[in-house]
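Subject: Structure for your review

Dear colleague,

Please find below the structure that I am handing over to you. My notes on it follow directly after.

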Amino acid sequence: MPLRADTAPATADVRRFTPLQRWIHRTTAALMGICIITAACLYVPQLAELVGRRALVVTLHQWSGLALPVPVLAGLASRAFRADLGRLNRFGPHDRTWLRAALHRDKRHASRPAAKFNAGQKLYASWIAGATLVMLATGLIMWFTHLTPLLWRTSATFVHDWLALTIGIVLAGHIGMALADPESRRGMRTGRVSREWADREHPLWRQ
Amino acid sequence: MNQDVPQGVNDEHPEERGTPIGRRVFLGTLALGAAGVVAAPPLQRGLEAFLGGAADKDPTGLTGLLPNGGGFRYYSVASSVPRKNADSYRLTVDGLVDRPTTYTLDDLKALPQTRMVRDVQCVTGWRVPDTPFEGVRLSRILDAARVRPTAKAIRFTCFDGTYTESLTLAQARRADVLVALRMQDKDLGHSHGGPVRLYVAPMYFYKSAKWLSGITVTDEVRPGYWEKRGYDVDAWVGRSNGRDDAPTS
């Protein structure tokens with residue numbers, strides 16, 4: 001009796017991320033978490049008062065910030081990771097459709113065509129990568145105070161402060177969307193998602 | 001294939017990969033960050049003026065959490081700082097003096113008080129304009145202790161157990177250096193370094209040690225906490241730490 005591929009159960013899994021990709025996400029998330037917690041302890045007066053130990057908190061913040069791009073840079077050695085970066089970079093006509101639907105708060109799956117990554121994920125990935133490097137550059141100017149003129153330093157502090165606030169808000173959205181979609185979380189945790197979820201949320205992915 | 005879905009470019013196939021918008025967003029964010037650094041001075045002035053006005057009308061205090069919202073920021077280098085009141089507070093004066101002394105808070109209040117209104121300038125950039133400080137001139141306390149001729153400098157210690165500061169004897173004897181008991185016409189609260197802090201008006205605010213508990217006269221300058229971590233020992237506002245802020249005193 002011939003095997004019939006189309007009778008595979010709807011619950012079958014498809015592979016979404018390699019173990020290395022999940023480790024990149026995990027370590028980046030951990031480093032970003034340390035950056036944010038230490039930033040809050042340096043910045044929010046109530047937390048600063050509670051925690052104190054300013055020299056230690058500053059050191060933690062500086063080194064976790066410096067290490068933040070390392071997992072992604074190391075990941076460039078992986079072909080699968082580079083392929084996903086390529087997917088995040090390239091926008092097709094369906095991404096325009098997706099963005100228009102998002103702007104009109106149209107939540108129907110039919111109006112939100114997406115391949116492996118939807119247009120929102122693509123924009124988020126590109127923006128957070130750029131924002132992280134801006135934070136790193138302005139942070140280094142604030143850290144090595146004798147390397148640059150004073151005006152640079154005050155200006156860098158200004159950008160660092162306001163961009164930190166923006167990143168906090170955008171990151172809260174990123175985490176909020178993950179919390180709202182358990183299957184997407186499972187994809188990042190185990191590397192696999194259900195076929196049904198993939199076809200519904202990312203219909204153009206496996207064509 | 002799902003018929004509900006409008007046909008789009010499939011980004012799995014290299015020959016139909018579409019426009020590199022991701023790269024443009026990435027580079028655009030970098031460019032915007034660089035532009036932000038360049039445009040920061042006027043932006044910052046505008047925002048400070050706007051937020052300063054908004055903070056006056058904001059009952060929630062949330063504007064205080066925004067960057068550059070104006071006002072003081074709390075910095076402590078210790079893990080926790082004990083609270084001291086009129087009963088438990090003591091200020092000791094010792095070292096190269098003929099009359100080592102210990103003051104209570106009431107002793108300090110009984111001495112002649114000096115009030116000064118100056119800007120406060122932090123080395124990290126924030127500035128609080130026209131802040132009144134009130135207390136005893138440090139020179140009066142030094143004179144009362146009878147400083148010996150071999151003395152060259154002062155070392156300040158704090159009851160947070162960690163912070164230290166220093167001044168040369170000449171700096172310490174300036175008329176604009178106070179052992180401060182009041183700020184903004186209120187008794188100094190704990191988070192502002194109360195009940196007693198140092199106030200060195202012409203220098204960056206890290207010289208104005210909070211929670212002051214010890215004044216030791218020494219034969220040489222011993223660099224304080226932040227000074228061992230790279231800050232200038234002679235911290236004149238506008239003439240040190242590579243900064244050019246307007247002088248405060």
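Of the contacts in chain A with a separation of 6 or more, what percentage is accounted for by residues 24 or more positions apart? The figure is 64%. Please bear in mind that this is a predicted model, and that the values in this message were computed from it.

Overall make-up of chain A

Chain A contains 10 helices and two strands. Read from the N terminus, its elements follow the order β-α-α-α-α-α-α-α-α-α-β-α. Along the principal axes, the C-alpha atoms of chain A occupy a box of roughly 75 × 35 × 35 Å. Chain A has 207 residues, of which 30% count as buried.

Helix 1 and helix 3 of chain A

Helix 1 (residues 19-43) of chain A and helix 3 of chain A have axes that come within 9 Å and cross at roughly 150 degrees. Because angles over 145 degrees count as roughly antiparallel, helix 1 of chain A is roughly antiparallel to helix 3 of chain A. Their crossing is left-handed. On the side of helix 1 of chain A, the residues that meet helix 3 of chain A include A:Leu31, A:Ile34, A:Cys35 and A:Leu42. Helix 3 of chain A contributes, among others, A:Val57, A:Val58, A:Leu60 and A:His61. By class, this contact of helix 1 with helix 3 of chain A comprises 10 nonpolar and four polar residues, with no charged residues.

The contact between chains A and B

In the contact between the chains, 49 residues come from chain A and 46 residues from chain B. On the side of chain A that touches chain B, two or more residues each are given by helix 2 (45-51), helix 3 (54-67), helix 5 (79-89), helix 6 (93-103), helix 7 (119-143) and helix 8 (150-179) of chain A. Helix 8 of chain A supplies the largest share of that side, with 12 residues. Sorted by class, the side of chain A that touches chain B holds 27 nonpolar, 14 polar and eight charged residues.

Strands 7 and 9 of chain B

In chain B, strand 7 (residues 177-183) and strand 9 run antiparallel and are joined by four bridges. Within strand 9 of chain B, B:Tyr199 has B:Leu178 standing opposite. In a regular strand, side chains alternate between the two faces of the sheet. Strand 9 (residues 197-200) of chain B is covered on both faces: B:Arg197 and B:Tyr199 are buried on one side, and B:Leu198 and B:Val200 are buried on the other.

With kind regards

Technical notes:
Residues are numbered from 1 along each chain as its sequence is written. Chains are lettered from A and ligands numbered from 1 in the order in which they are written. This is a predicted model: local features need pLDDT of at least 70, side-chain atom pairs count only at pLDDT 80 or more; totals for chains, interfaces and linings use all residues. Two residues are in contact if their C-beta atoms, placed from the backbone, lie within 7 Å. Ala, Val, Leu, Ile, Met, Phe, Trp, Tyr, Cys and Pro count as nonpolar, Asp, Glu, Lys and Arg as charged, and the others, Gly among them, as polar. Axes are lines fitted to C-alpha atoms, for helices over the stretch in contact, and angles run from 0 to 180 degrees between N-to-C directions. Angles under 35 degrees count as roughly parallel, over 145 as roughly antiparallel, 65 to 115 as roughly perpendicular and the rest as oblique. A crossing is left-handed if the near helix is turned anticlockwise from the far one by less than a right angle, and right-handed if clockwise. A residue is buried if 20 or more other C-beta atoms lie within 10 Å of its own, exposed if 12 or fewer, and partly exposed in between; C-beta atoms are placed from the backbone. Two strands pair if DSSP finds at least two bridges between them.
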